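Here is a short briefing for a reader new to this structure.

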Amino acid sequence: MPTVEMTFTPLPAHVRTARLVATAVARRSGVPEALLDEVRLAVGEACSRAVEVHQEHCPAEPVRVALTGAGDRFEVVVTNTAVGDDGMTWPPQPADGQDPAALPAELGLAVIAGLADDVQVSRNGDGLSIRMSWPSGPPAG
Amino acid sequence: MDLKLEHHTTDGIEVVDVEGEIDVYTAPRLRELLIDLVNGGHYQLVVNMEKVEFLDSTGLGVLVGGLKRVRAHDGSLDLVCTQERILKIFRITGLTKVFGIHDGVDEAIAARKSEK
């Protein structure tokens, strides 16, 4: 069972809330302070992407985030239920190199890949799940 | 912390001071400001990110979009940033090679002037 589970309406304004909750649970789960910025950014990227595909395909459905702090890893799973989310390539492909300011097609995924040392992307029912984890120590407080 | 945007002209260069969090919710406001500045004829821009607490890929996309707009007018968009947690996202995405990133506004302006 996740330590904390949340669902939120797919609106950009709620992504910050998801980031703050994830960071708080990570800290409490014993994730080293030096890694908390990475958790915050990676969770934000995953949630931003989920909000984007939900707004396009299923704006009435909530985005799901499960945070699990048991054991020696802190795990985050961000799940979207967007049936039309079939265009994702994992691992993200680099830009073509012709234009120095060209960005990878899925910049958020490129950022996640650069931040979390353990990332898995899988089809989950109707949509996609992004599972990320970081090492954690003894739970704080 | 919301996003706070201010801008002023120094030595003919438009300096944009950004404070707070640039994410999927707030980035559109930065995008609008950069577009307004370019439409107003400001093609030499310095974005001061020293008070930015959070930056995600949406924010990066807005900065790259701004860079492309000013380059279309032979302009420039330089950044001021010394915070390691913000610089890290530029390194991960390879954008340190795309932007001039400086330690201070004065340094950014001086570097731009020396290239003229």
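This is a predicted model: local features need pLDDT of at least 70, side-chain atom pairs count only at pLDDT 80 or more; totals for chains, interfaces and linings use all residues.

Residues are numbered from 1 along each chain as its sequence is written, while chains are lettered from A and ligands numbered from 1 in the order in which they are written.

- Helices (H or I, at least four residues) and strands (E, at least two) are DSSP runs, numbered from the N terminus.
- Ala, Val, Leu, Ile, Met, Phe, Trp, Tyr, Cys and Pro count as nonpolar, Asp, Glu, Lys and Arg as charged, and the others, Gly among them, as polar.

**α3(A) against α2(B)**

- Helix α3 (residues 107–115) of chain A packs on helix α2 (residues 57–71) of chain B at about 125°, with axes 9 Å apart. Axes are lines fitted to C-alpha atoms, for helices over the stretch in contact, and angles run from 0 to 180 degrees between N-to-C directions.
- That angle makes α3(A) oblique to α2(B). Angles under 35 degrees count as roughly parallel, over 145 as roughly antiparallel, 65 to 115 as roughly perpendicular and the rest as oblique.
- L107(A), G108(A) and V111(A) meet S57(B), L60(B) and G61(B).

**α1(A) against α2(A)**

- Within chain A, α1 (residues 15–28) and α2 (residues 33–57) pack at about 145°, and their axes are 9 Å apart.
- Residues of α1(A) in this contact include V15(A), A18(A) and A22(A). Among their partners in α2(A) are L36(A), V39(A) and V51(A).
- The contact has 9 nonpolar, 3 polar and 3 charged residues.

**Burial of α3(A)**

- α3(A) is largely enclosed by the rest of the structure, because 8 of its 9 residues are buried. Buried means that 20 or more other C-beta atoms lie within 10 Å of a residue's own, with C-beta atoms placed from the backbone.
- The buried residues include L109(A), I112(A) and L115(A).
- Their cover includes α2, β4 (118–124) and β5 (127–135) of chain A, together with α2 and α3 (84–92) of chain B.

Conventions. Two residues are in contact if their C-beta atoms, placed from the backbone, lie within 7 Å. A residue is buried if 20 or more other C-beta atoms lie within 10 Å of its own, exposed if 12 or fewer, and partly exposed in between; C-beta atoms are placed from the backbone.
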